[in-house]
Amino acid sequence: MSNKIDLTLNINGQDHAVSVEPRKTLVDAIREDCALTGTHIGCEHGVCGACTVIVGGEAVRSCLMFAVQAQGKPIRTVEGLASGKTLHPLQRSFMAHHGLQCGFCTPGFLMLAVNTLEKNPAIGDEELLDVLSSNLCRCTGYQNIILAVKAAREDMRTKEEAVAG
Amino acid sequence: MKPAQFQYHAPTTIAETLDLLARYAQDDGRVLAGGQSLVPTMAFRLARPKHLVDINGVSELNRVRVENGRLCIGAGVRHSAFEKPVEDGPLGGLLASVVRHIAHRPIRVRGTFCGSIAHADPASEWCAVAAALDAEMVAESKISGTRVIPAREFFEGIMTTALHEGELLREVRLPILPKGTHAGFAEYSRRAGDYAIAMAVATYRLKNGMMSDMHIAVGGAEAAPRRLPEAERTLIGRPPNFGIFQAAGHAARQAVDPIDDPSIGADYRRGIVRAMVIRALESAAS
Ligand SMILES: Cc1cc2nc3c(=O)[nH]c(=O)nc-3n(C[C@H](O)[C@H](O)[C@H](O)COP(=O)(O)OP(=O)(O)OC[C@H]3O[C@@H](n4cnc5c(N)ncnc54)[C@H](O)[C@@H]3O)c2cc1C
Ligand code: FES
Ligand code: FES
């Protein structure tokens, strides 16, 4: 017995028509039905943050949402960060500061950090640390992730100031 | 795909929600609010509801309003709504300090206040606040109509509440704390964002320098959060100071019957209860 529902998921500005059971989580639909495997799955119960994507402007755990609930909302995944061959400042910062080793947690951290810095480019160190404590990394020991996000924050700030001139 | 199959319903009004719940409740139909507790439970297949009634599209439920001296929190209101004070007085401040202890940002933007109350995890911060402030839970169904359930009758045990099958917890009402009310919260957990081992909420007012209107509740330590009259009595009519806070902490330690699990023994939890009551009082006083 299958009770598939037809829906359209808008991911990184592109519509994906999919047919999924209601029990399919958003992360499964993104990976299996939209073939965007940049978003990772770790625990599948909300603890690790590997599946973090931005839905309707908020970073969320995509393993704790059903795909059907994301219909009509803009979804952003790690594939949408770079423009063409140019990496997003946060991606560059993760490279420069060794913010990853195996890279499994990286897409989740990137989406969490991008959402946080876009919403509050002037976020303080303490609050930033609190936000980043949401996701797990088994490799880096976190220090370089924190360093990378802080550096990107400064980078994005100076750019804004330059524009404001 | 981990969760078992279910049928999905997406009502847009409260009336429609109640209709769907009436129709499907006997068939293990449930409310899907933020999904931050329900979906993990379904992923483990500890829950296999046959029907989910998703209330995320019911915009009437998304409101926080002040009415008759109460803060009324609709079933759609997310944890993150409390990060900035929802109200200018001590209550808004208390809720803003408490919410920082609930999980993490990405969970707070989905999970709801009422979902926490309905789920009734012993270590839920909102449940401890609801118990401390004698919250009123407004439940509604087509069968029993609207019922207002006081906190002391609502929390029955670990994840067990007075809600009937098919009832929607439509809103929770918290009394607005009068100006000058001292309010404090403290919790202890092993890692940031983890469920707490124990927590305490304390509020009081000062009359001629003496404490009155004393409310102390403890969460996380027992199967359900509750006020501790033994600890409250220690403080009434006394001036706030560290010595008397310690006495209240000691009374709380004696009064609780803590959960005893393999990783955290009852005695250890009792000690944490004592410390949290003292810290909540200190934070209220400061
Ligand atoms: C990693 C992680 C860490 C967490 N840490 C904490 C923490 O530290 N403290 C804490 O308190 N919580 C924590 N949570 C849980 C989180 O706060 C949930 O949001 C909350 O427990 C449930 O709210 P919800 O809106 O997500 O409800 P759901 O998950 O949608 O529902 C939970 C249950 O309540 C029922 N329900 C929900 N709303 C209603 C309603 N209006 N009427 C009737 N029934 C209803 C549902 O049917 C279901 O049975 C954590 C969750 C995760 C994933
Ligand atoms: S896979 Fe979603 S939080 Fe771990
Ligand atoms: S880099 Fe390996 S888990 Fe974070």
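Analyst: The answers below set values against definitions.

Analyst: This is a predicted model, in which local features need pLDDT of at least 70, side-chain atom pairs count only at pLDDT 80 or more, and totals for chains, interfaces and linings use all residues. Residues are numbered from 1 along each chain as its sequence is written, chains are lettered from A and ligands numbered from 1 in the order in which they are written, and side-chain values use heavy atoms, with hydrogens and water left out.

User: Why is Tyr142(A) called partly exposed?

Analyst: Tyr142(A) has a relative accessible area of 29%, and buried means under 20%, exposed over 50% and partly exposed in between (1.4 Å probe, protein chains only), so Tyr142(A) counts as partly exposed.

User: What is the phi of Tyr142(A)?

Analyst: The phi of Tyr142(A) is positive, about 75°, although the residue is not a glycine. Most residues other than glycine have a negative phi.

User: What makes the pair Lys119(A) and Glu58(A) a salt bridge?

Analyst: The side chains of Lys119(A) and Glu58(A) meet at 2.5 Å, N to O; a salt bridge requires a side-chain nitrogen of Lys or Arg within 4 Å of a carboxyl oxygen of Asp or Glu, and therefore the pair qualifies.

User: Which domains does chain A have, and how far apart are their centres?

Analyst: Domain 1 (5-80) and domain 2 (89-164) of chain A, with bounds from an automatic or database domain assignment, have centres separated by 22 Å, taken over C-alpha atoms.
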